[in-house]
Amino acid sequence: VSTARTVTVGAGPVETYDMVLRGLGSLSPEVSQAFTDAEQFWETAIVRGTTDFPISPRPGCLEAWAPDLPPVIDDVIIDIRLVTIDGEGGVLGRAGPSCFSTSNEMPLTGMMECDVADVAELDAGRFRDVVRHEMGHVLGIGTLWDMTGIGGSRKVISGSGTGSPTFTGVRAVAEWSALGGSGKVPVEAT
């Protein structure tokens with residue numbers, strides 16, 4: 001059951017959140033569309049952009065196989081490719097941020113890889129769900145929740161590595177409570 005909610009966001013940059021997907025030209029139109037649909041979903045869900053980030057020279061955090069970056073990133077660039085991971089039915093995809101800004105701890109670049117065997121076997125709807133899920137990892141969902149181990153300040157997960165981790169972000173906890181949840185927001189433990 002889906003419940004629509006209005007979310008009010010405080011003052012800040014008025015620019016929209018912009019994603020650039022690279023590597024779509026090598027994909028079939030159907031596969032490419034799944035990535036474009038996920039991009040549109042996330043660009044709508046994220047209500048404002050971040051400050052443009054200058055890049056020079058090529059950062060060491062960028063995947064070796066990724067093309068060079070433009071001089072300025074607004075807001076994130078995602079490199080996409082189909083690869084052999086483990087064959088049909090195993091790992092469907094993997095993704096995450098590659099480079100992030102130390103000033104706001106937000107991703108600047110990321111990579112998404114989908115197993116070519118699974119892409120061929122998944123129906124279009126399920127594949128779109130996998131792509132949307134993996135793109136969320138590039139944007140930091142689950143991957144940038146604890147930045148303290150690499151010199152950052154963000155830590156919005158408690159109980160990481162246990163059987164009952166929780167998300168502790170203030171706004172998420174407030175929404176969880178408004179929806180009838182109690183305590184912190186439960187997170188999948190596997």
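In the predicted model, helix α1 comprises 17 residues and spans 24 Å from its first C-alpha to its last, close to the 24 Å expected at 1.5 Å a residue. The buried residues of this helix are Val 31, Ser 32, Ala 34, Phe 35, Thr 36, Ala 38, Glu 39 and Trp 42. An α-helix has 3.6 residues a turn, so residues three or four places apart point the same way. The buried residues of α1 are covered by elements including the strands β1, β4 and β6 together with the helices α2 (116–121) and α3.

The strands belong to an open sheet of four, arranged in the order β1-β4-β6-β5 with mixed pairing. Its edges are formed by β1 (19–22) and β5 (93–100), each of which pairs on one side only. From one strand to the next, the twist averages 20°. Helix α1, residues 29–45, packs on this sheet through contacts with β1, β4 and β6 (107–115), and its direction makes about 165° with that of β1. Helix α3, formed by residues 124–138, also packs on the sheet. The contacts of α3 involve β1, β4, β5 and β6, and the direction of this helix makes about 25° with that of β5.

At the β1 edge of the sheet, the pairing with β4 (residues 76–83) is parallel and extends over four bridges. Within this pairing, Arg 22 has Asp 79 of β4 as its bridge partner. Both β1 and β4 are touched by α1, and both are likewise touched by α3.

Conventions: Residues numbered from 1 in each chain as written. Predicted model: local features only at pLDDT ≥ 70, side-chain atom pairs only at ≥ 80, totals over all residues. Heavy atoms only, no water. Pairing = 2+ DSSP bridges. Helix = DSSP H or I, 4+ residues; strand = E, 2+ residues; numbered from the N terminus. Axes fitted to C-alpha atoms, helices over the stretch in contact; angles between N-to-C directions. Contact = heavy atoms within 4.5 Å. Expected span 1.5 Å × (residues − 1). Buried < 20%, exposed > 50% of the residue type's maximum accessible area, 1.4 Å probe, protein only.
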